[in-house]
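Please keep the model open while reading these notes, and check each point against the residues it names.

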Amino acid sequence: MSYGEPIALRQMELEQAAPAVEVDVCGSRPRAEAEFIERLKRGEAAAFEELVAERSSEIYGLLFRLTENGEEARDLTQETFLRAFQSIGRFRGEADLRTWIYRIAINQARNRWRWWRRRRRDSTISLESTHGQTNQTVASRLAESSNNPEQQTLAHERELVLRSALHKVGRAYRETVILRDIEGFTYEEIATTLGISVGTVKSRLARGRQELRQKLEGSL
């Protein structure tokens, strides 16, 4: 298996297989999503509970992969949804709700990274950092599932190596690799989430995959 190739690239197939859905009067988004956004904007507590229940696991997983620290990821997940609650009134629908939430999460991770950097904290994170039951790492996408204890041990060792290698990739490149190869975002969705052009997305993705290959050489 080539670790420079996409780890999870099923977004296009899923979009093609999806059934037709009812859209709002402007034809820009599914009616159900448009109505849900309006409920959020009205400040309905039940709507925010639904949003957290639906998205918190994947947002935590994203933040854990970005920080390699379970406690940090939990704190940032809470901050992400708090910021979403505070900012939903300014949501204009240029991107879909999922992309908007991911953008907030990544910005929160960047802010925390800058905060630690200003305080000159050692950026090395223990590989033994705990992670939530719903978190899915790079290795869990690559490793084949098996009930064989020996295979499970090897898969766990591979996970540690891959997590370590991914965390050594440059931050901007790591964000792009995670969004594309793990989260399955399209190039356009990544561009919207990170506020960059599609060309820059492709450039960062190529560089990130190259760095990941180099970090993994001789390790697996």
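1. The side chain of T193 reaches the backbone oxygen of E189 at 2.8 Å, which falls under the heading of a polar contact (a pair of N or O atoms within 3.5 Å, where within protein one must be able to donate a hydrogen and the other to accept it, and residues adjacent in sequence count only if both atoms are side-chain atoms). T193 itself is found in helix α9, residues 187-194, a helix being a DSSP run of H or I with at least four residues, while a strand is a run of E with at least two, both numbered from the N terminus.

2. This is a predicted model, in which local features need pLDDT of at least 70 and side-chain atom pairs count only at pLDDT 80 or more, although totals for chains, interfaces and linings use all residues. Residues are numbered from 1 along each chain as its sequence is written, and side-chain values use heavy atoms, with hydrogens and water left out.

3. Is T193 buried or exposed? T193 counts as buried because its relative accessibility is 3%, where buried means under 20% relative accessible area, exposed over 50% and partly exposed in between, with a 1.4 Å probe and protein chains only. Leaving aside residues up to four places away in sequence, T193 touches T99, Y102, R103, I106, L179 and F185, contact meaning heavy atoms within 4.5 Å.

4. The protein chain holds 10 helices and zero strands, and 41% of its 220 residues count as buried. Among the contacts in the protein chain with a separation of 6 or more, 69% are accounted for by residues 24 or more positions apart.

5. Helix α8 (residues 171-182) and helix α10 (residues 198-216) pack at an angle of about 95°, with their axes 8 Å apart; axes are lines fitted to C-alpha atoms, for helices over the stretch in contact, and angles run from 0 to 180 degrees between N-to-C directions. α8 and α10 are therefore roughly perpendicular to each other, since angles of 65 to 115 degrees count as such, those under 35 as roughly parallel, those over 145 as roughly antiparallel and the rest as oblique. On the α8 side the contact includes Y173 and R180, and on the α10 side it includes L205 and E211.

6. The axes of helix α2 (residues 31-41) and helix α3 (residues 45-67) come within 7 Å and cross at roughly 120°, which makes α2 oblique to α3. In this contact, F36, R39 and L40 of α2 meet A46, A47, F48, E50 and L51 of α3.
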